[in-house]
Structures are given as structure tokens and as C-alpha cells.
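User: I have a structure open and would like to go through it with you. Could you take my questions as they come?

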Amino acid sequence: MLFSQRKKMKVTLLYLFVLCSAQHSAQPETWQVKGIAGKSLSFPERVLKSGNLLYGDLGKVAHVYPGKQSNTNLVKRFKNRLHWNNVTGFFTLSDLQIDDSGIYTVANADEEKMTHAFQLTVYYVLSKPQVTVHDNISCTVVCSVENGREVTLSWYKGGEILNQTSSPDLNITLSLPLKVDEQNRDSYRCEAANPVSKESADVPNSCIESDPSKVTGKNMYSINVTLQISRQYQLLYETISMVELIL
């Protein structure tokens, strides 16, 4: 009797395991898709005859009826922004907003009866970072850019990354200082990047070493020329003053 009960228990546990595995495997695979704020994005799953588009906890946000008819204004936030193409069968969301990010599920009720989930993440296109001179004596510069989702700010020298920063606080401005070797100033660049865009900026020309031991030959030539011109103007001024005294 005890053996029979144990056998029944094992069979029951095996059935529950198979049932849970089947339910888990029935869950749609989630594909990662990236969108750009203000642009459009089409979910790459066709609904040619009938089906639905679902969004997070809101549930059904668009429905396709047999006969190539659709209703894509089921939810106010997507009104006039969500469309279904009766030729390609794709749902398209236009004028993307940052808060449009989330999980969208295309439930295809055609013969295949397939379901696909898409994790949409919307990003801003980055602006060009700004590089300002913090200290002319030491030739220290600071690169800054407005922070955003998954933004990184980096200093490069040639192809080598020197320093990098990021922050989960999206309401701040990212800043990254760097002491520049004036002789190799042109090899530095500051780069701001996120998954959909990349912008860079160079070190400004106003960053010049004032330490005489670090002044390059080119800079020394410019200084000498400037001094000579200044002396010539001084001599001219003195000559004009003497003439005025004589007269």
C-alpha cells in the first residue's frame, strides 16, 4: 500500500514538472529592439489577416480584423501614432517617446498562430560634447555632455581609451577632466555615446602650456614674432612723440 502511494506521488510530481516545462516553453521569446526618440519603429512580425498588438500592463493596444481592417486607436497615448500596414502586415509606432519603452507582444492569429515579444528601449540622439579649458597653466580641460539613458563619456588618445564615466542619475550633466600633453594635443578626443548615437569633440586651441620648459618650437617662434612686433610699435610710438616735441 505504501509503495503504491509513493508511485502515485512520483507520477503526480512528474506530471506537474512536464506541465510547468510546457507552460515555460510556451512563453514567447523576447527580442531586444532599439528606437530613437522622434523617429518610427516597425515591429518585425507580420499580422496579415487577424491578430493583436499588446503593450505591458495595458494589454491590447491594436487589433487586426479579417478583411484587412484594423483599429490602432484603442489606447489614447498611442492615438495617431500607432499604425498597421495591410500590405506588409507590420505594426509601426511613430514619433517615439522615451516612455514608450517596454514590452510589446505581437499575437498573430493567422494560420501560424505565432506570438513574438519585443523589448523596446527608446533613446535620445546625443548632442555634441563640450570641451572647455579648466586651467591654462597645466592645460587641464573638462569635457561635458547632458546625461541620458546608457550614456558614456570617454577621453581617447588615438585609439586608446584614457578615462570613462557614466551615471544612473539621468538629471545631471556628465563631466570628465583631463590633463593634456600640449605637444600631442591633436591626438585627444572626447566621445559621448549611447546605443543609437555617438558624438565627439577635440581639445580647443586655447589650451597652451605656459611653462617655458614645455613650450614647443612652433609656440616659441610665435612668441618671438609677437615680441618683435611689440618692440617695433614701441619704437614707432617713441619716434612720433619726439617729433611732436620738436614741432
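User: Are Phe 78 and Tyr 104 buried or exposed?
Analyst: This is a predicted model, and in it both Phe 78 and Tyr 104 are buried.

User: What does Phe 78 touch?
Analyst: Leaving out residues up to four places away in sequence, Phe 78 touches Tyr 55, Val 61, Thr 72, Asn 73, Leu 93, Asp 100 and Tyr 104.

User: How many aromatic pairs are there?
Analyst: The structure holds five aromatic pairs. In one of them, Phe 78 and Tyr 104 have ring centres 6.3 Å apart and planes at 55°, so this pair is classed as tilted, given that planes under 30 degrees apart would count as stacked and those over 60 as edge-to-face. The pair links distant parts of the chain, since Phe 78 is in the loop between β5 and β6 while Tyr 104 is in strand β8, 26 residues apart.

User: Which residues form the aromatic cluster?
Analyst: Phe 43, Tyr 55, Phe 78, Tyr 104 and Phe 118 form one aromatic cluster.

User: And the largest nonpolar core, which residues have the most contacts inside it?
Analyst: That core has 21 residues, and Phe 43, Leu 53, Phe 78, Phe 91 and Tyr 104 are those with the most contacts inside it. Several strands each supply at least two of its residues, among them β3 (51–55), β4 (59–65), β8 (102–108) and β9 (115–123). Apart from this core lies another, of 18 residues, which includes Cys 143, Val 151, Val 180 and Val 203.

User: Switching to the backbone, what is the phi of Asn 80, and where does Asn 80 lie?
Analyst: Asn 80 has a positive phi of about 65° although it is not a glycine, and its place is the loop between β5 (69–71) and β6. Most residues other than glycine have a negative phi. Asn 80 counts as exposed because its relative accessibility is 58%, and the cut-off for exposed is over 50%.

User: What about Glu 150, where does that one lie?
Analyst: Glu 150 lies in the loop between β11 (140–146) and β12 (152–157), and its phi is positive too, at about 55°. With a relative accessible area of 49%, Glu 150 is partly exposed.

User: What is the order of the strands in the open sheet?
Analyst: The open sheet has four strands in the order β13-β12-β15-β16, with antiparallel pairing. Its edge strands, β13 (160–165) and β16 (197–202), each pair on one side only, and the twist averages 25° from one strand to the next.

User: How many bridges join β15 to β16?
Analyst: Six bridges join these antiparallel strands, and Ala 193 has Lys 198 in β16 as its bridge partner.

Notes. Residues numbered from 1 in each chain as written. Predicted model: local features only at pLDDT ≥ 70, side-chain atom pairs only at ≥ 80, totals over all residues. Heavy atoms only, no water. Core = buried A, V, L, I, M, F, W, Y, C linked by side-chain atoms within 4.5 Å. Buried < 20%, exposed > 50% of the residue type's maximum accessible area, 1.4 Å probe, protein only. Contact = heavy atoms within 4.5 Å. Pairing = 2+ DSSP bridges. Axes fitted to C-alpha atoms, helices over the stretch in contact; angles between N-to-C directions. Phe/Tyr/Trp six-rings, centres within 6.5 Å; stacked < 30°, edge-to-face > 60°.
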